[in-house]
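Here is a short briefing to read beside the structure. Take a moment to turn the model around before you start on the points.

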Amino acid sequence: ARKIIIDTDPGQDDAVAILLALASPEVELLGISCVAGNVPLALTAKNARIVCELAGRPEMRVFAGCDRPIARPLVTAEHVHGKTGLDGIDLPDPTMPLQDQHSVDFIIETLRTEDAGTVTLCPIGPLTNIATAMERAPDIIPRIQEIVLMGGAYFEVGNITPTAEFNIYVDPEAAKIVFGAGVPLTVMPLDVTHKALTTRARVEAFRALPGRVGPAVASWTDFFERYDKEKYGSEGAPLHDPCTIAYLIQPDLFSGRHINVEIETGSELTLGMTVADWWRVTKRPANAQFIGDLDADGFFALLTERLGRL
Ligand code: BDR
Ligand code: CA
């Protein structure tokens with residue numbers, strides 16, 4: 001199994017990504033590092049534990065990390081995820097402990113103690129924890145096997161400003177560090193995640209699963225959907241973050257290009273834009289595999305089958 005760390009700000013779609021990882025023998029989840037994003041840190045660290053307990057995995061280690069971006073005030077997304085970050089179903093407060101160690105220290109320690117090239121990072125929130133770890137301990141950078149992240153947008157442009165996607169916009173300085181680190185990088189931008197839509201039939205398939213997890217995921221997506229339906233007139237909600245985990249399990253569901261992607265940190269107008277050289281019009285070297293398409297039916301078949309295992 002491929003060893004992974006999920007760095008996250010749950011969020012309904014983050015929750016589904018965590019559940020997919022917990023259900024899948026292809027990945028070994030070493031820990032969950034939380035970051036401020038969709039909601040403040042205290043809530044993301046609580047939500048990650050709610051999700052682990054829902055999955056019957058209270059032994060999973062959950063860490064709290066950076067409570068604000070490197071150089072800016074925190075921007076949150078309650079307008080999408082609700083006040084708790086996990087609106088849609090009332091689940092009990094977690095009883096499993098939050099680890100004492102800071103997310104950044106956990107990431108650094110794990111990369112130093114595991115064999116070099118054997119740990120993959122899956123950031124599905126703002127990149128603050130990952131960039132802070134890289135800055136504080138540059139020796140970990142060549143030890144990272146790969147980073148598979150959700151963030152950015154190109155043809156689908158923005159969801160928080162006209163040109164920026166939320167995760168990159170919240171901490172563009174962090175994103176610049178991560179995209180410039182020279183680590184093998186696979187990016188799930190809105191271009192692909194907006195094709196992973198929760199249609200009625202797909203949500204009802206979750207709801208029909210035996211056990212508690214499927215119906216809980218259906219309740220979350222019911223809540224999460226209303227935003228995209230109103231805003232984009234789309235059929236359902238994009239399951240952004242689970243694309244990263246699905247890629248690790250079944251990469252042939254996805255296709256993209258190895259291209260140069262730079263992060264805008266200066267312009268007020270286009271702050272946090274992922275300037276993706278999809279048509280290779282510059283000579284700038286490729287630094288990311290930018291995913292553009294997925295087999296949506298295959299993705300939902302995988303997700304439904306795996307959630308049914310929990
Ligand atoms: C990203 O922002 C968050 O609201 C979601 O959880 C996802 O990680 C989509 O832009
Ligand atoms: Ca997220």
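Two residues are in contact if their C-beta atoms, placed from the backbone, lie within 7 Å. With that in mind, 82% of the contacts in the protein with a separation of 6 or more are between residues 24 or more positions apart. Please remember throughout that this is a predicted model.

**Overall build**

- The protein has 12 helices and 10 strands.
- Its C-alpha atoms fill a box of roughly 50 × 45 × 35 Å along the principal axes.
- The radius of gyration is 18 Å, which agrees with the value near 19 Å that a compact globule of 310 residues would have.
- Of the 310 residues, 53% are buried.

**The sheet**

- Strands of a sheet pair through backbone hydrogen bonds, in either a parallel or an antiparallel way.
- Here, 8 strands make up an open sheet with mixed pairing, and their order is β3-β2-β1-β4-β5-β6-β10-β7.
- Because β3 (62–64) and β7 stand at the edges with a single partner strand each, one side of each has no neighbour in the sheet.
- From one strand to the next, the twist averages 25°.
- Helix α2 (residues 41–54) lies across β1 (2–8), β2 (27–34) and β3, and runs at about 175° to β3.

**Strand β10 and its two partners**

- Strand β7 (residues 254–259) pairs with β10 in the antiparallel sense, over 6 bridges.
- Facing β10, I259 stands opposite A288, and S255 stands opposite D293.

**Helices to look at**

- Helix α11 (residues 242–249) is largely enclosed by the rest of the structure, because 7 of its 8 residues are buried.
- The buried residues of α11 are P242, C243, T244, I245, A246, Y247 and L248.
- At what angle do helix α9 (residues 200–207) and helix α10 (residues 213–232) cross? Their axes cross at roughly 145° and come within 6 Å.
- On the α9 side, V203, F206 and R207 make this contact, while α10 brings G214, P215, V217, A218, T221 and D222.
- Sorted by class, the contact of α9 with α10 holds 5 nonpolar, 2 polar and 2 charged residues.

**Around ligand 1**

- Which of the 15 residues around ligand 1 come nearest? They are G11, D13, A77, F166 and H240.
- Helices α1 (12–22) and α6 (166–170) are the elements that give two or more residues to the shell around ligand 1.
- By class, the shell around ligand 1 divides into 5 nonpolar, 6 polar and 4 charged residues.

Definitions and conventions. Residues numbered from 1 in each chain as written. Chains lettered and ligands numbered in written order. Predicted model: local features only at pLDDT ≥ 70, side-chain atom pairs only at ≥ 80, totals over all residues. Axes fitted to C-alpha atoms, helices over the stretch in contact; angles between N-to-C directions. Helix = DSSP H or I, 4+ residues; strand = E, 2+ residues; numbered from the N terminus. Nonpolar A, V, L, I, M, F, W, Y, C, P; charged D, E, K, R; others polar. Near = placed C-beta within 6 Å. Rg over C-alpha atoms; globule rule 2.2 N^0.38 Å. Buried ≥ 20, exposed ≤ 12 C-beta atoms within 10 Å, placed from the backbone. Pairing = 2+ DSSP bridges.
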